[in-house]
Amino acid sequence: MARVPRLDLQNVTDPSDERLADYVSLTDVALRSRHEPEKGLYIAESSTVLGRALRAGHRPRSVLLAPRWVPDLERMVAEVWPDETASDEPAVPVYVADEPVLEAITGFHVHRGALAAMHRPALPALADVLAGARRVAVLEDVVDHTNVGAAFRSAAALGVDAVLVTPRCADPLYRRSVRVSMGTVFQVPWTRVDPWPGGVEALRGAGFVTAALALSDEAITLDELVADPPERLALVLGAEGHGLKATTVAACDLVVRIPMAGGVDSLNVAAAAAVAFWATRA
Ligand SMILES: C[S@@+](CC[C@H](N)C(=O)[O-])C[C@H]1O[C@@H](n2cnc3c(N)ncnc32)[C@H](O)[C@@H]1O
């Protein structure tokens, strides 16, 4: 029988309780700047997302949830840390609060009643993320967390092996990105590629053909790319407003366009990513 890991359940009724500092009126940006780089935290919201984070090996610093989610947490933790009672790890504080108290603490409606302050894992080296990958997506300066989360979800679902985010791209571990991604930001290997677009050279050196997804008239169509697919392919997607930088387009091996109809000039970046991921699946 699996031994129940050590969770230290503590009831909280006062929203100003000092133990809840990680959750009080904090934006995720504030969390990052307060604790990065060594002690960075991110917030996992909902029991589903927390479960995925735990299965990916991430460790909670603490958990804050409504009473009805406690059995769910105990089951998930027993599943991912069956030998926890034998380890020297300190017990994870689990703060249990009624839903109105939760909202008073955080300042927002807590999706499915559970939040966890998670330790940010160190970002892997670019070479490690690329090793063995055949399909890679690069998100250049995509600033909308919803788009980042949606692109990761598509990457996971459509067989993209890794995602690279440029230095100015929104944080995949921002609360909203994590939630929209359905926790797939924990599943798909990813890292920051810095410098950019200098990193195109690193991709090329690792054997990738780099394809800039852009609306250029000189572009080949996605169908033409798919007709003769490279063994290792990096699909480079641009920001919501201006698209890819001209220097990035110039640095890439190919420029690829998804043909548009209906008088529409472009797709949302996450939609373009899903189309391209599906068409070029290995
Ligand atoms: C909303 S679009 C940006 C549109 C921008 N005005 C432009 O000219 O690129 C965001 C990103 O989605 C991708 N994208 C959207 N529609 C596309 C299409 N029809 N063909 C290729 N890429 C597309 C591109 O990577 C683009 O940078």
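Strand β12 (residues 254-257) and helix α11 (residues 269-279) each supply at least two residues of the shell around the ligand; helices (H or I, at least four residues) and strands (E, at least two) are DSSP runs, numbered from the N terminus. The structure is a predicted model, in which local features need pLDDT of at least 70 and side-chain atom pairs count only at pLDDT 80 or more, whereas totals for chains, interfaces and linings use all residues. Residues are numbered from 1 along each chain as its sequence is written, and side-chain values use heavy atoms, with hydrogens and water left out.

The ligand is surrounded by 19 residues, a residue being counted if one of its heavy atoms lies within 4 Å of the molecule. The closest are Leu213, Gly238, Gly243, Ile258 and Leu267. By class, the shell comprises 12 nonpolar, 5 polar and 2 charged residues. In this scheme Ala, Val, Leu, Ile, Met, Phe, Trp, Tyr, Cys and Pro count as nonpolar, Asp, Glu, Lys and Arg as charged, and the others, Gly among them, as polar.

One oxygen atom of the ligand lies 2.7 Å from a backbone N or O atom of Leu213, and a backbone N or O atom of Gly238 is found 3.0 Å from an oxygen atom of the ligand. For Leu267, a polar backbone atom is 2.9 Å from a nitrogen atom of the ligand. Taken alone, the ligand exposes 560 Å², of which the protein buries 86% (accessible areas by the Shrake-Rupley method with a 1.4 Å probe).

A search of the whole structure finds 2 aromatic pairs, defined as rings of Phe, Tyr and Trp (its six-membered ring) with centres within 6.5 Å; planes under 30 degrees apart count as stacked, over 60 as edge-to-face and the rest as tilted. Tyr42 and Phe186 form a tilted pair, with 5.5 Å from centre to centre and 35° between the planes. This pair links distant parts of the chain, 144 residues apart: Tyr42 belongs to strand β2 (residues 41-45), and Phe186 to the loop between α7 (175-180) and β8 (190-192).

Backbone geometry was also examined. The peptide bond from Asp194 to Pro195 is cis, with omega near 10°, and Pro195 is placed in the loop between β8 and α8 (199-205). Trp196 and Pro197 are likewise joined by a cis peptide bond, with omega about 10°; Pro197 is in the loop between β8 and α8. Ser46, although not a glycine, has a positive phi of about 95° and lies in the loop between β2 and α2 (47-55).

Technical notes:
Polar contact = N/O pair within 3.5 Å; in protein donor to acceptor, adjacent residues only side chain to side chain.
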